[in-house]
Amino acid sequence: MDTGTEPVAGRRPSWPSYFMDIAALVARRSTCLRRSVGAVIVKNKRILSTGYNGAPSGIDHCAQTGCLRKRLDVPSGERHELCRGIHAEQNAIIQAAYHGVSIKDSDLYCTNLPCSICAKMIINAGIRRILYRSGYADDMSGQMLREAGVEVVNLTNESEGDTP
């Protein structure tokens with residue numbers, strides 16, 4: 001009997017696709033006017049924390065104040081300090097710390113490759129692997145992540161299929 005709640009054979013997403021889809025859904029909460037980014041921190045196939053980019057709690061969002069980076073014509077990947085927002089990866093790390101959740105040896109699923117500031121936080125937080133969908137204009141982040149031994153995986157072509 002089909003109750004409509006059973007998974008359909010052959011359409012169950014792989015774990016990486018599943019967590020990346022969740023990161024994309026989290027990105028929909030973004031309040032950034034230039035780029036919506038979502039992040040999910042996972043360990044042993046369990047979600048530990050999520051984050052999206054936008055202004056800190058209690059601070060006006062860019063929708064209310066306008067985008068400072070756009071007004072100043074700051075290119076993507078440069079001068080990160082000239083922004084009201086906090087990055088999705090930073091928010092996910094901060095949320096884990098706020099709630100006392102260890103993220104050591106975890107994986108980070110992110111809709112975009114992290115910037116160099118996020119890369120430094122990821123390295124020091126003990127995240128062992130980053131899985132991302134789209135690139136980002138910040139060569140320094142890739143260099144630091146390689147040097148620190150953080151595995152970086154591009155899931156652009158991740159296919160969905162049956163997984164146990």
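Figure 1. The model shown here and in the following views is a predicted one. Helix α6 spans residues 139-148, and its buried residues are Ser141, Gly142 and Leu145. Because these residues cover an arc of only 95° around the axis, they lie on the same side of α6. Asp139 and Glu147, by contrast, are exposed on the other side of α6. Glycine 149 follows α6 and has a positive phi, near 80°.

**Figure 2. Packing of helix α5 against helix α6.** The axes of α5 and α6 are 8 Å apart, and the two helices pack at an angle of about 15°. Angles under 35 degrees count as roughly parallel, and α5 and α6 are therefore roughly parallel to each other. The crossing in which α5 passes α6 is right-handed. On the α5 side, the contact is made by Ser116, Ala119, Lys120, Ile122 and Ile123, while α6 contributes Met140, Ser141, Met144, Leu145 and Ala148. Among these contact residues of α6, Ser141 and Leu145 also belong to the buried residues of the helix.

Figure 3. Serine 141 is located in helix α6, and its relative accessible area is 1%. Since buried means under 20% relative accessible area, serine 141 counts as buried. When its neighbours within four places in sequence are left aside, serine 141 is in contact with Leu113, Pro114, Cys115, Ser116 and Ala119. Of these partners, Ser116 and Ala119 also take part in the contact that α5 makes with α6.

**Figure 4. The whole protein, as context for the close-up views.** The protein has 6 helices and 5 strands, and from the N terminus on its elements follow the order α-β-β-α-α-α-β-α-β-α-β. Of its 164 residues, 38% count as buried. Among the contacts in the protein with a separation of 6 or more, 58% are accounted for by residues 24 or more positions apart. The accessible surface of the protein amounts to about 9700 Å², and 50% of this surface belongs to carbon and sulfur atoms.

Definitions and conventions
Residues numbered from 1 in each chain as written. Predicted model: local features only at pLDDT ≥ 70, side-chain atom pairs only at ≥ 80, totals over all residues. Heavy atoms only, no water. Helix = DSSP H or I, 4+ residues; strand = E, 2+ residues; numbered from the N terminus. Buried < 20%, exposed > 50% of the residue type's maximum accessible area, 1.4 Å probe, protein only. Contact = heavy atoms within 4.5 Å. Areas by Shrake-Rupley, 256 points an atom, 1.4 Å probe, with all protein chains shown as cover. Arc of directions from axis to C-beta. Axes fitted to C-alpha atoms, helices over the stretch in contact; angles between N-to-C directions. Parallel < 35°, antiparallel > 145°, perpendicular 65-115°, else oblique. Left-handed = near helix turned anticlockwise from the far one by under 90°.
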